[in-house]
Amino acid sequence: MTRMNKQKNHIILAIESSCDESAAAVIKAPLRPGRLSVLSDIISSQIEIHKKYGGVVPEIAAREHVLSILPVINEALEKAKIKPAQLTAIAVTKGPGLITSLAAGAETARALAFAWDKPLIEVNHIAGHIYSNFINPAEPIKFPALILTVSGGHTILLVMSASGKIKIIGETRDDAAGEAYDKAAKMMELGYPGGPIISRFAAQYADRINKGTAAEKSADLDFPRPMLNSPDFDFSFSGLKTSLLYHLQKDKSWRQRIPEYCYHYQQAIIETLIAKTLKAAKKFRARTVLLSGGVSANTELRQQLADKIALTMPGVGFLVPERRYSTDNAVMIGVAAVHQTWQGKKATDFRRLRSDASLQLK
Ligand code: KG4
Ligand code: ZN
């Protein structure tokens, strides 16, 4: 029997370990839909370790998770001033992600659920990103909501109804938007992860355009906007990456033009994402547009999408999470778990928890 009696609030310990961040958070929420509180939010990032290799090395990631996950959980509980006995449930990322990384979090959650006699809530990592916009949003979310989730592994457009039901309307057919950033940075030998680095260079070039010392249009950097005019809501970013490769091969002076390359490359990604999002928002009569996932940390994407919505769809709301909740974190997993509970989804027996590297969103 799990202890669920006489509780006044949900107090959930959430664990996230799907890629290269070991994260834990404690979330307090009323039993029925209402305001929730983030009691703690701890992230131990492995970026410094993986940087050396130009990307995440799964074996190293798993080993690091094993070392850091318990200290991260302890810190989350201490910071929240919550004893294990006060927890009402443990939430953990089931997938998608790197299987060895996922397993480190899941096995820990399983052991703690058994030892502390707590129900276990499995959360889809993408659902976590979606719910990162539900952490006490700056404006009420109105439904149907259109959600664009752009991360290192996924680029998904979906529609959510007031009951929390989702319908995927578009996805990437090859690389994810974050992958397009990461691979481009690798090609230009700029480091990992590519998103923040490329966006910094792009901002330098945008500054030059604003000061009038650089032209907005480039004579030779004509990156494609893949599938911009296709009748569906799917994306494709692998052609963009190949186009960059061809440009780099042809241009002997590309090393002297990195900010310019980054600016135009990023603009191709952003314009494609925005065009499809606006088209979908109109078609599905979205009342709020939500942007989430690691790429939503991007200042230009946030700004340009906000501006376009304000200009072309007045009255439609726009939300994007605080930057710390754009990239991987455990708060979003806890918040998704709270919503699942509010929606009446049952907890999982700890014996039945299975990580799933390619878990689908339902
Ligand atoms: O959501 P996330 O932390 O992990 C996954 O679930 O994949 O997303 C990581 C991705 C990486 O591809 C990274 O380059 C990208 O998000 N990213 C950014 C920015 N910050 C992180 N992309 C563009 N601009 C950023 N500022
Ligand atoms: Zn993620």
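Analyst: A salt bridge is a side-chain nitrogen of Lys or Arg within 4 Å of a carboxyl oxygen of Asp or Glu. This is a predicted model, in which local features need pLDDT of at least 70 and side-chain atom pairs pLDDT 80 or more, while totals for chains, interfaces and linings use all residues. Residues count from 1 along each chain as written, chains are lettered from A and ligands numbered from 1 in written order, and side-chain values use heavy atoms without hydrogens or water.

User: How many salt bridges does the structure hold, and which residue pairs with Lys51?

Analyst: Side chains of opposite charge can pair when their charged atoms come close. The structure holds 16 salt bridges. In one of them, Lys51 pairs with Glu48, with 3.1 Å between the closest N and O atoms. Both residues belong to helix H1 (residues 47-51), and because they are three residues apart there, about one helical turn separates them. Helices (H or I, at least four residues) and strands (E, at least two) are DSSP runs numbered from the N terminus.

User: Which residues are closest to ligand 1?

Analyst: A residue is near a molecule if one of its heavy atoms lies within 4 Å of it. Ligand 1 is surrounded by 19 residues, the closest being His129, Gly152, Asp182, Gly195 and Gly294. Helices H4 (125-131), H5 (177-187) and H6 (194-211) each supply at least two residues of this shell; H6 gives the most, four.

User: Which side chain has a polar atom 2.7 Å from an oxygen atom of ligand 1?

Analyst: A polar contact with the ligand is a pair of N or O atoms within 3.5 Å. The side chain of Asp182 places a polar atom 2.7 Å from a ligand 1 oxygen. A side-chain N or O atom of His125 is 3.1 Å from an oxygen of ligand 1. Gly195 uses a backbone N or O atom, 3.0 Å from a ligand oxygen. Alone, ligand 1 exposes 550 Å², of which the protein buries 88% (Shrake-Rupley areas, 1.4 Å probe).

User: Where do the cis bonds to Pro144 and Pro193 lie, and which loop holds Met227?

Analyst: Most residues other than glycine have a negative phi, and most peptide bonds are trans. Phe143 and Pro144 are joined by a cis bond with omega about 0 degrees; Pro144 lies in the loop between H4 and strand S6 (145-150). From Tyr192 to Pro193 the bond is also cis, with omega near -10 degrees, and Pro193 is in the loop between H5 and H6. Met227, not a glycine, has a positive phi of about 60 degrees and sits in the loop between H6 and helix H7 (238-250). Arg285 has a positive phi of about 50 degrees, in the loop between helix H8 (258-283) and strand S9 (288-292).

Terms used. Polar contact = N/O pair within 3.5 Å; in protein donor to acceptor, adjacent residues only side chain to side chain.
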